[in-house]
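Here is a short report for a first look. Please keep the sequence and the structure open while reading.

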Amino acid sequence: MNALDISLHRRVVSRPVHGLVRRSIDLVVAGVAAVLFAPLMLLIAGALLLEGGGSILFAQTRMGAGGRPFRMYKFRKFGVNCGSQGLALTVVGDSRMTTVGRFLAATKFDELPQLWNVLKGEMAIVGPRPESLAFADCFRGGLEAVLQYKPGLLGPTQVLFRHEAHFFPRSADPILFYREVMFPAKARLDLSYYPQRTIVSDIGWMARGVLAVVGWVPSQPIDV
């Protein structure tokens with residue numbers, strides 16, 4: 001990366017784009033959702049404790065707006081003895097998942113603790129999916145522009161890649177396939193949407209995100 005590229009990269013990722021209106025919407029939606037889903041989250045926490053004890057939450061450092069790291073929270077899907085080692089992706093039939101974890105993965109209810117990240121201002125309701133540090137080096141060749149947008153719970157990639165694990169060919173190395181195919185496809189999709197997003201279109205993706213959780217995924221083709 002030459003001096004010009006470094007300057008451009010710093011300029012792109014140092015100016016997060018979100019806005020006061022979107023932040024207000026985030027606070028209202030996250031607050032209402034936290035209240036509505038509180039009973040469900042308590043049930044999930046109880047099920048995880050009964051299944052194996054240990055921590056009910058999984059926390060991982062992700063890349064936020066401007067490339068700044070933050071701790072993102074999920075309900076734990078893997079066994080308590082899995083630790084932080086192992087594959088950085090969840091694949092079909094992942095042996096690390098518990099019975100409750102498989103339910104959480106199928107319903108995406110493991111993402112509910114991220115309402116706290118939204119309330120803290122680290123995430124938005126609609127935004128690119130926050131990437132783990134293991135794939136930070138993939139933000140290059142113009143794809144680093146994704147980092148100027150606050151990461152979100154919902155959005156085009158979260159909906160259209162609702163069943164992401166099923167995109168991985170069984171014969172392919174999942175890490176290599178993600179780096180060379182999946183990551184660029186998701187980043188290009190984000191960059192085709194967020195530069196021209198509107199409040200109305202964001203609300204539309206919120207609605208699609210809710211529908212995706214209950215099993216509906218739009219038939220828009222995905223170039224992978």
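Where does serine 132 lie? Serine 132 sits in the loop between β3 (124-126) and β4 (152-154). The model is a predicted one.

## Overall layout

The protein chain has seven helices and four strands. From the N terminus, the order of elements is α-α-β-β-α-α-β-β-α-α-α. Of its 224 residues, 43% are buried.

The accessible surface of the chain is about 11,700 Å². Carbon and sulfur atoms account for 63% of that surface. Contacts between residues at least 6 apart in sequence were also sorted by separation: 72% of them join residues at least 24 apart.

## Serine 132 and glutamine 60

Serine 132 is buried, at 6% relative accessible area. Setting aside neighbours within four places in sequence, serine 132 is in contact with Gln60, Thr61 and Arg62.

Glutamine 60 belongs to strand β1 (residues 57-63). This residue is partly exposed, with a relative accessible area of 25%. Beyond residues up to four places away in sequence, glutamine 60 touches Phe70, Arg71, Met72 and Ser132. Glutamine 60 and arginine 71 are 11 residues apart in sequence, and their C-alpha atoms are 5.4 Å apart. The side chain of glutamine 60 also makes a polar contact with the side chain of arginine 62, at 2.7 Å.

Four names make up the buried set of α3: Val100, Gly101, Leu104 and Thr107. Viewed down the helix axis, the buried residues of α3 fall within an arc of 135°, so they line one face of the helix. An α-helix has 3.6 residues a turn, so residues three or four places apart point the same way. The cover over the buried residues of α3 includes α2, β2 (69-75) and α7 (199-213).

Lysine 108 follows α3. Its place is the loop between α3 (99-107) and α4 (114-120). The phi of lysine 108 is near 70°, a positive value in a residue other than glycine. Lysine 108 is partly exposed, at 30% relative accessibility.

## Salt bridges

The count of salt bridges is eight. One of them pairs arginine 22 with aspartate 202, with the closest N and O atoms 2.9 Å apart. Arginine 22 is in helix α2 and aspartate 202 is in helix α7, so this pair ties together parts 180 residues apart in sequence. Both ends are buried: arginine 22 has 15% relative accessibility, and aspartate 202 has 3%.

Another bridge joins lysine 77 and aspartate 110, with closest N and O atoms 3.6 Å apart. Lysine 77 lies in the loop between β2 and α3, and aspartate 110 in the loop between α3 and α4, so the bridge links parts 33 residues apart in sequence. Lysine 77 is buried at 14%, and aspartate 110 is buried at 1%. Lysine 186 and glutamate 164 also form a salt bridge, at 3.0 Å between the closest N and O atoms. Salt bridges that share partners join Arg22, Arg197 and Asp202 into one network.

## A nonpolar surface patch

Which residues form a nonpolar patch on the surface? They are Val28, Val29, Val32, Leu36 and Phe37. Together they have about 430 Å² of accessible area. Phenylalanine 37 lies in helix α2 (residues 20-52). Why does phenylalanine 37 count as partly exposed? Its relative accessible area is 33%, and partly exposed covers the range between under 20% for buried and over 50% for exposed.

Technical notes
Residues are numbered from 1 along each chain as its sequence is written. This is a predicted model: local features need pLDDT of at least 70, side-chain atom pairs count only at pLDDT 80 or more; totals for chains, interfaces and linings use all residues. Side-chain values use heavy atoms; hydrogens and water are left out. Patches are made of residues with over 30% relative accessible area and no salt bridge: like charges are joined within 9 Å, nonpolar side chains (Val, Leu, Ile, Met, Phe, Trp, Tyr) within 5 Å. Accessible areas come from the Shrake-Rupley method with a 1.4 Å probe; for residues, only the protein chains shown count as cover. A salt bridge is a side-chain nitrogen of Lys or Arg within 4 Å of a carboxyl oxygen of Asp or Glu. Helices (H or I, at least four residues) and strands (E, at least two) are DSSP runs, numbered from the N terminus. Buried means under 20% relative accessible area, exposed over 50%, partly exposed in between (1.4 Å probe, protein chains only). Contact means heavy atoms within 4.5 Å. A polar contact is a pair of N or O atoms within 3.5 Å; within protein, one must be able to donate a hydrogen and the other to accept it, and residues adjacent in sequence count only if both atoms are side-chain atoms. The arc is that of the directions from the helix axis to the C-beta atoms.
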